[in-house]
Amino acid sequence: MATTLDIARDNPNAQTIVASPQPIKVMSEDKPPLIGLSREELAEAMALVDVPEKQRRMRASQLWHWLYVRGVSDFSHMTNVAKDLRARLDEVFSIARPEMVDEQISVDGTRKWLFRFPARGAGRPVEVETVYIPEEGRGTLCVSSQVGCTLTCTFCHTGTQKMVRNLTSEEILAQVLMARDRLGDFPDATTPQGAIVPSEGRMVTNIVMMGMGEPLYNFENVKKALLIASDGDGLSLSKRRITLSTSGVVPEIFRTGDEIGCMLAISLHAVRDEDRDILVPINKKWPIKELLDACRNYPGLSNAKRITFEYVMLKDINDSNQDALELVRLLKGIPAKINLIPFNPWPGSQYACSDWERIEEFADIVNRAGYASPIRTPRGRDIFAACGQLKSASERMRKKDRDAATAAGTAA
Ligand code: SF4
């Protein structure tokens with residue numbers, strides 16, 4: 001069951017944000033998507049609508065612009081594409097958005113959406129949660145990479161939802177496109193000024209792959225989606241503003257830096273293997289030493305490109321002064337920032353949040369050792385949008401259906 005509260009209607013402090021004026025076409029049909037294809041794949045796909053070989057790259061560039069700069073979800077808005085071709089594209093492909101099942105707005109302005117993606121292949125429809133956190137001068141979108149999660153981190157509500165399936169590159173990007181639609185963050189496609197990507201005043205300035213799922217267990221789709229999101233002729237989000245957070249899938253950490261080039265965050269949460277084995281059970285496979293060795297070798301690591309270590313503050317579990325000192329010892333030599341996250345309780349959770357004075361003392365020790373150690377203000381608690389609280393109602397699929405859905409997404 002989804003842990004959602006519908007407070008949006010009654011929230012007097014909700015921000016008024018004008019959603020995109022463009023009518024949004026909702027995914028319903030079972031056509032292969034164009035969103036989520038690389039430029040090369042997009043050009044190849046043009047063969048299916050009889051675009052002559054010599055024109056395919058040009059057509060792919062046109063489509064790229066409409067999809068990611070203008071944010072259209074309907075071929076009929078692509079006014080510089082011939083009518084016949086638009087009709088043909090519409091027959092064969094989909095660029096529609098997922099259905100928005102729910103939108104909640106916290107008293108602090110945080111938004112949480114529940115998106116439903118239609119069945120692909122033999123699979124069933126699935127639902128994922130995406131969260132938008134507005135802050136002074138920036139807006140961060142927390143994006144999901146899987147429906148459910150195979151890992152069972154004991155402090156995390158998502159970990160109680162069984163894995164349903166990986167999201168495709170289309171579904172990962174669709175969360176960004178939908179958020180921008182809802183926030184009015186796309187230029188109006190109907191005006192000449194609409195052609196220009198605003199460099200200032202954007203609502204979504206940062207992406208964190210910190211929603212539902214372990215992104216490095218869905219590496220190829222996440223990579224594809226993030227490379228598209230950072231393409232300078234499209235959504236144009238700097239790789240320095242994209243952070244991928246992993247619980248510690250050591251073999252994929254180097255590839256993340258090498259092939260995606262984004263910022264890295266590690267869900268550390270404990271400083272001793274015996275504690276981390278319980279809090280983040282993947283630690284049994286790749287213990288703290290191996291994880292930190294992989295961090296030391298992260299491509300491009302420098303003071304300007306530090307790794308963020310996430311540390312949830314759990315009362316009497318991982319919050320002593322000894323823990324703080326051990327944390328400092330472990331991270332020696334790694335350009336790092338430590339985010340201290342007051343635990344967000346969820347129904348049935350076995351932990352309590354550390355007392356505020358304890359968190360501050362812990363932060364002081366880490367800070368005195370030369371590491372930035374901000375205490376994250378919990379956001380969106382009233383709508384269960386805070387860290388580790390995301391969970392949708394999608395049911396586990398049978399393996400056969402999962403494979404079919406993944407194959408359909410990959411083939412598209
Ligand atoms: S913290 Fe991340 S990896 Fe761990 S259970 Fe939650 S969603 Fe999965």
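A: Begin with burial: a residue is buried under 20% relative accessible area, exposed over 50% and partly exposed in between, with a 1.4 Å probe and protein chains only. At 0% relative accessibility, M212 counts as buried. This is a predicted model, in which local features need pLDDT of at least 70 and side-chain atom pairs count only at pLDDT 80 or more, while totals for chains, interfaces and linings use all residues. Residues are numbered from 1 along each chain as its sequence is written, and side-chain values use heavy atoms, with hydrogens and water left out.

Q: How many helices and strands are there in the protein?

A: Helices (H or I, at least four residues) and strands (E, at least two) are DSSP runs, numbered from the N terminus. The protein has 11 helices and 11 strands.

Q: What share of the residues in the protein is buried, and what is its accessible surface?

A: Of the 412 residues in the protein, 57% are buried. Accessible areas come from the Shrake-Rupley method with a 1.4 Å probe, and for residues only the protein chains shown count as cover. The accessible surface comes to about 17300 Å², and carbon and sulfur atoms hold 51% of that area.

Q: What share of the contacts in the protein with a separation of 6 or more comes from residues 24 or more positions apart?

A: A contact means heavy atoms within 4.5 Å. Among contacts with a separation of 6 or more, 71% are between residues 24 or more positions apart. A separate reading, taken between C-alpha atoms, concerns M212 in the loop between β7 and α5. M212 and G148 are 64 residues apart in sequence, yet 6.1 Å apart in space, C-alpha to C-alpha.

Q: How is a helix such as α5 read: which of its residues are buried?

A: An α-helix has 3.6 residues a turn, so residues three or four places apart point the same way. In α5, the buried residues are F219, N221, V222, K223, A225, L226, I228 and A229. Helix α5 (residues 219-229) is largely enclosed by the rest of the structure, because eight of its 11 residues are buried. Those buried residues pack against the helices α2, α4 (169-182) and α6 (250-260), and against the strands β7 (206-209) and β8.

Q: Which side chain makes a polar contact with the side chain of T246?

A: A polar contact is a pair of N or O atoms within 3.5 Å; within protein, one must be able to donate a hydrogen and the other to accept it, and residues adjacent in sequence count only if both atoms are side-chain atoms. T246 belongs to strand β8 (residues 242-246) and is buried, with a relative accessible area of 1%. Its side chain makes a polar contact of 3.0 Å with the side chain of E214. Leaving aside neighbours within four places in sequence, T246 also touches other residues, including L216, I253 and L264.

Q: Where does N283 lie, and which side chains make polar contacts with its side chain?

A: N283 is located in the loop between α7 and α8 (288-296). With 1% relative accessibility, N283 counts as buried. The side chain of N283 makes a polar contact with that of D273 at 3.0 Å, and another with that of D277 at 2.8 Å. Not counting residues up to four places away in sequence, N283 touches D273, R276, D277 and I288.

Q: What is the phi of D50, and what is that of H269?

A: Most residues other than glycine have a negative phi, and most peptide bonds are trans. Phi of D50 is near 65°, a positive value in a residue other than glycine. H269 likewise has a positive phi, of about 65°, although it is not a glycine.

Q: Are these two residues buried or exposed?

A: D50, in the loop between α1 (39-45) and α2 (56-70), is exposed, with a relative accessible area of 58%. H269, in the loop between β9 (263-267) and α7 (273-279), counts as buried at 3% relative accessibility.

Q: Which residues are around the ligand?

A: A residue is near a molecule or strand if one of its heavy atoms lies within 4 Å of it. The residues around the ligand are C149, L151, C153, C156, T158, G159 and G213. C149 is buried, with a relative accessible area of 13%.
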